[in-house]
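Colleague: I'm new to this one. Could you walk me through how to read it?

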Amino acid sequence: MGSDVNRKAILAFLLVSVILGSTGVVSAQPAPIGKYIAFRDDDVAPFTPIDTLTAVNQVHIDENVPVTLGIIPHPSVAVTGNELLQDSQFLVYMRSIATNQLFEFAQHGYTHVNDRLSSRPSEFAGRPYAQQLELMQNGQDDMKEAFGVTPATFIPPFDTSDNNTLKAAAALGFTYYSTGFGDFRQSYGDGVTIEPASIWIGATNITAFSASIEAAKNATERFLNGPQSGDTFIVAYHVWDFNSANGTFDARKMELLRDYIDYLKTLPDVQFARLNRAQWEGNNVLVALSSMEELSVAPVQQNRLLAFVLVGSVAIAVFGAYAIVLRRRLRRSGRRD
Ligand SMILES: [Zn+2]
C-alpha cells in the first residue's frame, strides 16, 4: 500500500517534470515576427562628392542601422574600362566599408542612362533580353573586381524595368530586386524577391526635405498599424539629396535623417534590415534568406536554453526510474529478510 503511494507520487513527479520541461521548450520558441525597416540609398557612384556619401553613411554607423547602397557601376558612358577603379578616393572608401555588415552593396543598373525605349524613363526596359543581360553582367563584373563583392540585390534605375530585366537579374544570381510601385504586380518571380520602395525621403530645399521626413513618419505608422502592409518598409533616398542647391553637403539634412532613425527606434516591434536579408545579423536579429523566418531571440541563447531544458528533463526521468527500481529492490530484500 505504502509502496503504491510512493510509486504514484514518483509517477506524478515525472509527469509534472515533463509538463514543466515542455513548457520551457515552448517559451524558448521565436517571438512573433516583427516588422522591418530597410533603407535604400540610390545613385552611389564614382566621381560624385564623397563627403556627402561618407557623412550620410556615418549616420548609419553611429545609429547601428543598416543601409543598402544602390551603386551605379559605370555612370560615364564615354569612359572605357571599369569606372569603379578610376576614382581612387571613392574606391578606397568603398573598399573600407565593403565588409561592414551595415552596408549592403547593391547594383543600381549599369550606366543609369535613359534608353528612351519605353514610355517611362528606364535604362533597361524595352531592350532585348540579351542586351539587358550583357549590360547587367558588365556592372556585376565591375563590382566584383572593384570591391570583391557579388551583389545580391538589383535596383533598376528610375524604378522602371520589364520582364526581361527581371529574367536577366535571375540569370545572374540576384535574389532581391527593389523597384518602384507598379513595375511588377507580383512580389516574387524567377526565384527573385521583388519589393518596391515604400517611400522616398529628401528634397533639394531644406523645408521640403523636412516635410518629406514628416510624411515618412506618418507612412511608417500606417505601415506598422496596417495588418495587410507586409513585413518590410523600404525607405529610399538619393545620396545627392543631402546636398544643398549649390552641390555642397548640407549637414542639417543629415540631422533630419538621424532624427527620423531615432524616431523609428522609439516604435515598438521595429527591427532594421538590409534589402538582402541574408547574413545580416543585427541586435539579437538573424534573418534567413530563404524562409524569411525572423527570430527575435538570439539563436545561440535559444539553443542553450533548449539544451538545458532537455538535459534537465532526461536527468529527472532517469532519477525517477532509478528511484522506482531502488524502491522495488528494497521491498524485495525486505521480504526475504
Ligand atoms: Zn537612380
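Modeller: Let's go from the whole chain to a few single residues.

Colleague: What should I know before I start?

Modeller: This is a predicted model, where local features need a pLDDT of at least 70, side-chain atom pairs count only at pLDDT 80 or more, and totals for chains, interfaces and linings use all residues. Residues are numbered from 1 along each chain as its sequence is written.

Colleague: What is the average pLDDT of the protein chain?

Modeller: pLDDT is the predictor's confidence in each residue, from 0 to 100. The protein chain averages 82, and 72% of the residues score at least 70. Over residues 18-32 the pLDDT stays under 50, and the model has 15 contacts beyond four places in sequence for them; a contact means two C-beta atoms, placed from the backbone, within 7 Å. Residues 283-309 are also below 50, with 33 contacts beyond near neighbours in sequence. Where pLDDT is low, the predicted coordinates should not be read in detail.

Colleague: How many helices and strands are there in the protein chain?

Modeller: Both are DSSP runs numbered from the N terminus: helices are H or I with at least four residues, strands are E with at least two. The protein chain has eight helices and 13 strands. Of the contacts with a separation of 6 or more, 71% join residues 24 or more positions apart.

Colleague: What share of the residues count as buried?

Modeller: A residue is buried if 20 or more other C-beta atoms lie within 10 Å of its own, exposed if 12 or fewer, and partly exposed in between. Here 32% of the 337 residues count as buried. A nonpolar core is a set of buried Ala, Val, Leu, Ile, Met, Phe, Trp, Tyr and Cys residues joined through C-beta atoms within 7 Å. The largest has 51 residues, and Ile-71, Ala-169, Tyr-177 and Val-235 touch the most other members. Leaving out residues up to four places away, Ala-169 touches Met-136, Phe-154, Phe-174, Tyr-177 and Val-192.

Colleague: Which residues in helix 6 are buried?

Modeller: An α-helix has 3.6 residues a turn, so residues three or four places apart point the same way. In helix 6, Phe-209, Ser-212, Ala-216 and Thr-220 are buried. Down the axis of helix 6, the buried residues fall within an arc of 80°, so they line one face; that arc is taken from the directions from the helix axis to the C-beta atoms. They pack against strand 8 (199-200), strand 9 (232-238) and helix 7 (251-266). The face turned away carries exposed residues: Thr-207, Glu-214, Asn-218, Glu-221 and Asn-225.

Colleague: What is the phi of Asn-64, and of His-112?

Modeller: Most residues other than glycine have a negative phi. Asn-64 has a positive phi of about 55°, and His-112 has one near 65°. Asn-64 lies in the loop between helix 2 (50-63) and strand 2 (67-71), while His-112 is in the loop between strand 3 (103-107) and helix 4 (129-147). Asn-64 is exposed, with 12 other C-beta atoms within 10 Å, whereas His-112 is buried, with 20.

Colleague: Which residues is Pro-46 in contact with?

Modeller: Beyond neighbours within four places in sequence, Pro-46 contacts Glu-83, Leu-84, Gln-86, Asp-87 and Phe-90. Pro-46 is buried, with 24 other C-beta atoms within 10 Å. Pro-46 and Ser-88 are 42 residues apart in sequence and 8.8 Å apart in space, C-alpha to C-alpha.
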